[in-house]
Amino acid sequence: MNHILSDRINNLATSQTLAMAALARELKAQGKDIISLSLGEPDFNTPDFIKEAVKKAVDENYSTYSPVEGYLELREAICRKFKRDNGLDYKPTQIVVSTGAKQSLYNIAQVMLNDGDEVILPAPYWVSYFEIVKLSGGVPVEVPTSVETDFKMTPEQLEAAITPKTKMMWFSSPCNPSGSVYSREELTALAKVLEKHPNIYVVSDEIYEHINFSGTFCSIGSIPGMLDKTITINGVAKAFAMTGYRIGYIGAPEFIAKACTKIQGQVTSGANSVAQRATITAVDADPSVLNHMVQAFHTRRDLVVGLLKEIPGVKINVPEGAFYVFPDVSSFFGKTLKGHEIKDANDVSMYLLAEANVATVTGDAFGNPNCIRFSYATSDDILKEALRRIKEALTA
Ligand SMILES: Cc1ncc(COP(=O)(O)O)c(C=O)c1O
């Protein structure tokens, strides 16, 4: 029946992270002892002080439509957060609150891209960037990086990828899937290239900002000359363990914020009213309230990196943020393990599902065909067992 559906949807790839999670759930339902490390979701509960804010909002009857761009009190709180954490000066008229950072990204693509406009994506990138850009008529231009360079794009690579059709550059730091964090010096060097191309806009996805073990964080918008060309994306899903609340937001030049409000007004209207009220409490909180979660992710990062380093043939960077590892498994390509022919990263991922009962995601989905991604947002015991199984399967 696909011929009845639009070309738009037929040309859209299914999210491979969600597809793998669904497959793992199906196998679990069949009674298999699957460890699912495919999804990017904190395993913590939403902090109590935010839950209290949710209850208060319900009791205060925040049950009607909110302004399309988000409550003014929330946009003011987001401005305070941008100033406090990122040194970014935004006015409430430059903020748009959406149904998750995913919608923020989709809005941006819809309002910025014409057919054929090129968007530079340092690879690996978050899965949805590629499809959102394509869905909006844009042309994703992948810039490959590798484990040897901590999966970071160099200024030379950026310069070489720019053409007269380049409209934007999208990236995340800390990066999903590689965990790489760009330093101020590295971002300054990229900004220097962009200085020569004033018509190129940058999407800086900072949703993992607080899950960062490097000790420093830099928003590219805080580099002199960049604020007017940067759309800063953030949200509460990851840091505040609020994935289901679905609140993301942008800080952007006012004309872009207005355009996002315009499209959102025709598609979803304002984001969930109760979740917005709770987000005021979240973004106003001192980031130190997140220390226990960040510390736990840090310990797990060390655990997982240590165990992966023990597996011959696996190459990894040391992720400085987020909660994923992105090991390069290309040394297994061309081998046969326990009767399974391994041609590519997808085969490695499917092999680990079949033989180790561990669900990971192929790096292809993130624009890197040599790697697989898995999340370490789960308990130390589960991670130890998963890594034991992976090691046994890969040293077969
Ligand atoms: C890099 C990145 N950006 C955006 C999102 C989407 O966030 P939200 O849940 O707020 O839509 C995710 C979620 O996995 C992500 O990893």
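Visitor: Which residues surround the ligand?
Guide: The ligand is surrounded by Gly100, Ala101, Lys102, Trp126, Asn176, Asp205, Ile207, Tyr208, Ala237, Lys238 and Arg246. A residue is listed here if one of its heavy atoms lies within 4 Å of the molecule. Please note that this is a predicted model, in which local features need pLDDT of at least 70 and side-chain atom pairs count only at pLDDT 80 or more, while totals for chains, interfaces and linings use all residues. Residues are numbered from 1 along each chain as its sequence is written, and side-chain values use heavy atoms, with hydrogens and water left out.

Visitor: What lies 2.6 Å from a nitrogen atom of the ligand?
Guide: That is a polar side-chain atom of Asp205. On the oxygen side, a polar side-chain atom of Tyr208 lies 2.8 Å from an oxygen atom of the ligand. Arg246 also has an N or O atom in its side chain 2.8 Å from a ligand oxygen atom. For these polar contacts, a pair of N or O atoms must be within 3.5 Å; within protein, one must be able to donate a hydrogen and the other to accept it, and residues adjacent in sequence count only if both atoms are side-chain atoms.

Visitor: Where does Arg246 lie?
Guide: Arg246 is in the loop between S7 and S8. Strands (E, at least two residues) and helices (H or I, at least four residues) are DSSP runs, numbered from the N terminus. The phi of Arg246 is near 60°, a positive value in a residue other than glycine. Arg246 counts as partly exposed, at 32% relative accessibility. The classes are buried for under 20% relative accessible area, exposed for over 50%, and partly exposed in between, with a 1.4 Å probe and protein chains only.

Visitor: And Ala322, is that one buried or exposed?
Guide: Ala322 counts as buried, at 0% relative accessibility. Ala322 has a positive phi of about 60° although it is not a glycine, and it sits in the loop between helix H11 (291–309) and S9.

Visitor: Let us turn to the sheets. What is the order of the open sheet of seven strands?
Guide: The order is S2-S8-S7-S6-S5-S3-S4, with mixed pairing. Strand S2 (95–98) and strand S4 (139–144) stand at the edges; each has a single partner strand, so one side of each is left without a neighbour in the sheet. On average, neighbouring strands of this sheet are turned by 20° against each other, direction ignored. That angle is taken between axes, which are lines fitted to C-alpha atoms, for helices over the stretch in contact; angles run from 0 to 180 degrees between N-to-C directions. Two strands pair if DSSP finds at least two bridges between them.

Visitor: How many bridges join S2 to S8?
Guide: Four bridges join S2 to strand S8 (residues 248–251), and the two run antiparallel. Ser98 has Gly248 as its bridge partner in S8. Elsewhere in the sheet, strand S3 (residues 118–123) and strand S5 (residues 166–172) run parallel, joined by three bridges.

Visitor: Which way do the residues of S2 point?
Guide: Ile95 and Val97 point one way, Val96 and Ser98 the other way, and all are buried. In a regular strand the side chains alternate between the two faces of the sheet.

Visitor: Where is Glu209 found, then?
Guide: Glu209 lies in the loop between strand S6 (201–205) and strand S7 (230–235). Glu209 is buried, with a relative accessible area of 6%. Its side chain makes a polar contact of 2.9 Å with the side chain of Asn86. Leaving aside neighbours within four places in sequence, Glu209 has contacts (heavy atoms within 4.5 Å) that include Lys81, Pro174 and Phe217.

Visitor: You mention Pro174. What is the peptide bond from Ser173 to Pro174 like, cis or trans?
Guide: The bond from Ser173 to Pro174 is cis, with omega near -10°. Another cis peptide bond runs from Ala123 to Pro124, with omega near 10°.

Visitor: Finally, how many disulfides does a search of the whole structure find?
Guide: The search finds zero disulfides, a disulfide being a pair of cysteine sulfur atoms within 2.5 Å.

Methods: Contact = heavy atoms within 4.5 Å.
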